[in-house]
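Good morning, and thank you for coming. Please look at the sequence and the model on the screen while I describe them.

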Amino acid sequence: MFRKVETPGGGGVARNLYAGTLAVGRLIVLAAGLPGHMTTDSVIQLAEGRAGEQRSFNPAFMSWLLGRFDSLLSGTALFVAFSVALLFGALAALPRLAGRVHLLAAPVLALVILSPQVLIYQGAVWKDVFFANAAIAGTICLAFAAEHWRAPRRRILLLLGGLTLLAL
């Protein structure tokens with residue numbers, strides 16, 4: 001069977017490989033996706049965000065968010081970077097949730113990162129990609145809330161964070 005590597009305190013070869021794979025993978029995904037790939041929907045949402053007016057069937061939150069990032073740096077690069085950070089932040093939290101990292105975690109993570117859903121689609125300026133990343137992060141927040149159930153303040157913050165991300 002597979003050997004599990006216990007990594008208390010954040011050390012261990014498996015944990016370091018996972019973290020390194022995550023860091024390199026994030027750079028690869030950003031290099032492949034920036035400044036963002038737009039379709040008709042995302043062009044409309046960006047225009048709505050810039051104008052501050054909702055005129056389409058698209059979620060108002062998405063237009064608003066694109067508009068806010070665009071006001072800081074013209075275009076969609078900040079939005080894509082934020083969306084990727086949301087996904088990769090959630091993936092970075094997984095070892096803390098598990099408390100240990102298996103030696104196969106880094107190779108499996110590398111395969112996930114190289115899949116089209118991560119490598120290619122993260123650069124798409126689509127509400128679907130952002131909402132999927134938010135759903136993953138929200139689910140991991142709920143898992144952490146369950147892990148810290150006996151700490152009321154932390155539990156409530158994690159539940160609120162998870163609920164907010166899932167409500168997007």
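A word on the source. This is a predicted model, in which local features need pLDDT of at least 70, side-chain atom pairs count only at pLDDT 80 or more, and totals for chains, interfaces and linings use all residues. Residues are numbered from 1 along each chain as its sequence is written, and side-chain values use heavy atoms, with hydrogens and water left out.

Tyr-121 is located in the loop between helix 6 (116–119) and helix 7. Helices (H or I, at least four residues) and strands (E, at least two) are DSSP runs, numbered from the N terminus. Apart from neighbours within four places in sequence, Tyr-121 is in contact with Pro-116, Trp-126 and Val-129; contact means heavy atoms within 4.5 Å.

I now turn to the chain. Its secondary structure comprises 8 helices and 2 strands, and from the N terminus the order is β-α-α-α-α-β-α-α-α-α. Of the 168 residues in the chain, 38% are buried. The C-alpha trace spans about 55 × 40 × 25 Å along its principal axes.

Consider helix 1, residues 13–33. Its 21 residues reach 30 Å from the first C-alpha to the last, close to the 30 Å expected at 1.5 Å a residue; that expected span is 1.5 Å times one less than the number of residues. Its buried residues are Ala-14, Arg-15, Tyr-18, Leu-22, Gly-25, Val-29, Leu-30 and Gly-33. Seen down the axis, the buried residues of helix 1 fall within an arc of 135°, so they line one face of the helix; the arc is that of the directions from the helix axis to the C-beta atoms. On the other side of helix 1, Val-13, Leu-27 and Ala-31 are exposed.

Finally, the core. The largest nonpolar core has 34 residues, and Tyr-18, Phe-79 and Phe-88 have the most contacts inside it. Such a core is a set of buried Ala, Val, Leu, Ile, Met, Phe, Trp, Tyr and Cys residues joined through side-chain atoms within 4.5 Å. Helix 4 gives the largest share of this core, 9 residues. Among the residues that Phe-88 touches are Leu-22, Gly-25 and Val-29, which are buried residues of helix 1.

How values were computed. Buried < 20%, exposed > 50% of the residue type's maximum accessible area, 1.4 Å probe, protein only.
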